[in-house]
Amino acid sequence: MKNVLLIGNAQAFWGDQMDAPARLLTQQPDLDFLTLDYLAEVSLSIMAIQRERDPEGGYAKDFVETVKSVAPLLEKDSQTRIVTNAGGLNPLGCAKACRRALAEADFGHHKIAVVTGDSVLAQIQESPETSSFSNLETGDSITTVSKNLVTANAYLGARPIAQALAEGADIVITGRVADPSLAVGPCMAHFGWDHDDFDRIAGATVAGHLIECGTQATGGFSTDWLTLPDPHNVGFPVVEVHEDGSLVLTKPPGTGGRVDLRIVKEQLLYEIGDPGNYLSPDATVSFLDLSLQQVGENRVLVSGARGSQPPDTYKVSATYREGFMAHGMLTVYGRKAVQKARRCGEIILQRMDEAGFKPRSANVECLGTGDCAPGIAGGPDENELIETVLRISVADPDRNTVARFTKELASLVTSGPQGVTGYATGRPKIRPVFGYWPCLINRCDVKASTYLPDD
Amino acid sequence: MRLGRVAHARSGDKGSSANVAVIANNPDAYAFLKEYLTAEHVSNYFRPLMPASVIRYEVPNLHAFNFVLSGVLAGGGSRSLRIDAQGKTLGQAILQLQLPIPENLLSMEIIET
């Protein structure tokens, strides 16, 4: 058994660089596992809309293209196996599409496994009054939105992934699983750790957490970004996980970006709550004894993860329909540009109001003034700015109200101030709004299963 | 002097809450920030975003703090009407915070951020 496992991640979200998986495999052909993360908090609601149009859909179709692009690289002596949550709401449909694509390309011998059981929509709809389904942030009962629920998926853990790999899968396609579990599953399968070997599992969880956002671990999104070498070609991250649960974070040779202590610290703390209790379905992890050491150029050793028994509940991300929204932008150039832009925003909302379409919520921002963090860090003197981008946003349960807004905006080109420009992209797009509902479900109410569908 | 002279940061979202990690450039800066960069101070700084609460977690082994700002994203990624619906800018925003930073803390500075 190899005592070091190489895991690379080449997809941080649905829409990340399409060619990254093939590129990473070419740069790092000795990878044991390639993980690909497609699911953000509300991605599944977008997949739900796709599935309404096409019952065979509901997964990240990009992944099928990715499979085709990497298939030639997985031939010959390659030992690389793929673990991905691209299955979204329909892992089986995703697996079928991948198998078709592979067969057409004469690579049909790859064994594909699916992990299912994460959807808990039926359980919630059956007994919405269950207290664990109350909103983790607000405490509200899910009965207030249960009629409008679109998706509800539990974050499964690493076990079903490990099982699929133990059964010989070359490609594992899951729906919702905890992001780090995509890396923990391969470690458990390879090293044969017991389910209660929590310190080692904690180490693998830290590894998965570090790479799940792709190039954020190698310099992307860092405070020091402007100093990165070759920023057009930032390498995707690779972790070398050791049998004891320690890891070295690195990136392929010849790529841009950087792996140093500052960047690794930032990514360790990215989107977490209590660093002493990082909750994952595989272990509750403490970051408070982690030790970081630069052990080579673009190589950081991370050791000392401590793990304990995970909660007896799974976290659930549910989404529900909440009406519609649209954002429109116009550029205003000239003297007192910001004052003019703010007045334009007021005019649009006033015109809507007078036409009988008062939106439930609206927001007017003048980009360039510091409105990304309004009222916080201070900004330039608004009177000195020669231009600003006016951004107006409107949301309402009624699509017609939002539609009215999208038709009002253009009138400012002729009725607004001199120097209005940038309206080449046409009317703003109307988008459905999905509310996000985090809650919990007892583990015993979720049946995760793994299988390798027959040909 | 702005916080960015002695620390770097990263921010992101969880639902309608945001977390802002602040990492001191050196141990002395961490000790200083432990005293001055309190949850109350950060809560006041971000008051325009109306945080329901601000919790500061200390991470001494990384010379870092993790601030969790509840309810500051006006509904979060899918619902917020703000351009920064996911709190991506808050790391840069906190580095603009002014503190009475002693000059000697700059001596170990790795990089101007």
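The buried residues of helix 6 of chain A pack against strand 3 (81–84), strand 4 (112–116), strand 6 (171–174), helix 7 and strand 19 (449–451) of chain A. This is a predicted model, so read what follows as a tour of computed geometry.

- Helix 6 of chain A is mostly covered, with seven of its eight residues buried.
- Those buried residues are A:Arg159, A:Pro160, A:Ile161, A:Ala162, A:Gln163, A:Ala164 and A:Leu165.
- The axes of helix 6 (residues 159–166) and helix 7 (residues 181–191) of chain A come within 8 Å and cross at roughly 45 degrees. That angle makes helix 6 of chain A oblique to helix 7 of chain A.
- The crossing of these two chain A helices is right-handed. On the helix 6 side, the contact is made by A:Ile161, A:Ala162, A:Leu165 and A:Ala166, while helix 7 brings A:Ser181, A:Gly185, A:Pro186, A:Met188 and A:Ala189.
- Sorted by class, that contact has seven nonpolar residues, two polar ones and no charged ones.
- After helix 6 of chain A comes A:Gly168, with a positive phi near 95 degrees.

- Helix 2 (residues 43–53) of chain A has its own run of buried residues: A:Ser43, A:Leu44, A:Ser45, A:Ile46, A:Met47 and A:Ala48.
- The buried residues of helix 2 of chain A pack against strand 5 (149–154), strand 14 (313–333) and strand 18 (431–442) of chain A.
- Going by the domain assignment, chain A is divided into domain 1 (4–118 + 155–311) and domain 2 (321–436). The C-alpha centres of domain 1 and domain 2 of chain A lie 39 Å apart.

**Where chain B touches chain A**

- In the contact between the two chains, 36 residues of chain B meet 44 residues of chain A.
- On the chain B side, the elements giving two or more residues are strand 1 (7–14), strand 2 (17–24), strand 3 (53–59), strand 4 (64–70) and helix 3 (90–94) of chain B.
- Strand 1 of chain B gives the most to that side, with six residues.
- By class, the side of chain B that touches chain A has 16 nonpolar, 14 polar and six charged residues.

- A:Phe221 sits in the loop between helix 8 (198–211) and strand 7 (238–242) of chain A.
- A:Phe221 counts as buried because it has 20 C-beta neighbours inside 10 Å.
- Setting aside neighbours within four places in sequence, A:Phe221 is in contact with A:Gln216 and B:Arg10.
- A:Phe221 and A:Ile263 are 42 residues apart along the chain, and their C-alpha atoms are separated by 9.1 Å.

**Positive phi outside glycine**

- A:Asp106 isn't a glycine, yet its phi is positive, near 65 degrees. A:Asp106 belongs to the loop between helix 4 (91–104) and strand 4 of chain A.
- A:Asp106 counts as exposed because it has 10 C-beta neighbours inside 10 Å.
- B:His63 isn't a glycine either, and has a positive phi of about 55 degrees. B:His63 is in the loop between strand 3 and strand 4 of chain B.
- B:His63 is buried, with 22 other C-beta atoms within 10 Å.

Key. Residues are numbered from 1 along each chain as its sequence is written. Chains are lettered from A and ligands numbered from 1 in the order in which they are written. This is a predicted model: local features need pLDDT of at least 70, side-chain atom pairs count only at pLDDT 80 or more; totals for chains, interfaces and linings use all residues. Axes are lines fitted to C-alpha atoms, for helices over the stretch in contact, and angles run from 0 to 180 degrees between N-to-C directions. Helices (H or I, at least four residues) and strands (E, at least two) are DSSP runs, numbered from the N terminus. Angles under 35 degrees count as roughly parallel, over 145 as roughly antiparallel, 65 to 115 as roughly perpendicular and the rest as oblique. A crossing is left-handed if the near helix is turned anticlockwise from the far one by less than a right angle, and right-handed if clockwise. Two residues are in contact if their C-beta atoms, placed from the backbone, lie within 7 Å. Ala, Val, Leu, Ile, Met, Phe, Trp, Tyr, Cys and Pro count as nonpolar, Asp, Glu, Lys and Arg as charged, and the others, Gly among them, as polar. A residue is buried if 20 or more other C-beta atoms lie within 10 Å of its own, exposed if 12 or fewer, and partly exposed in between; C-beta atoms are placed from the backbone. Domain bounds come from an automatic or database domain assignment.
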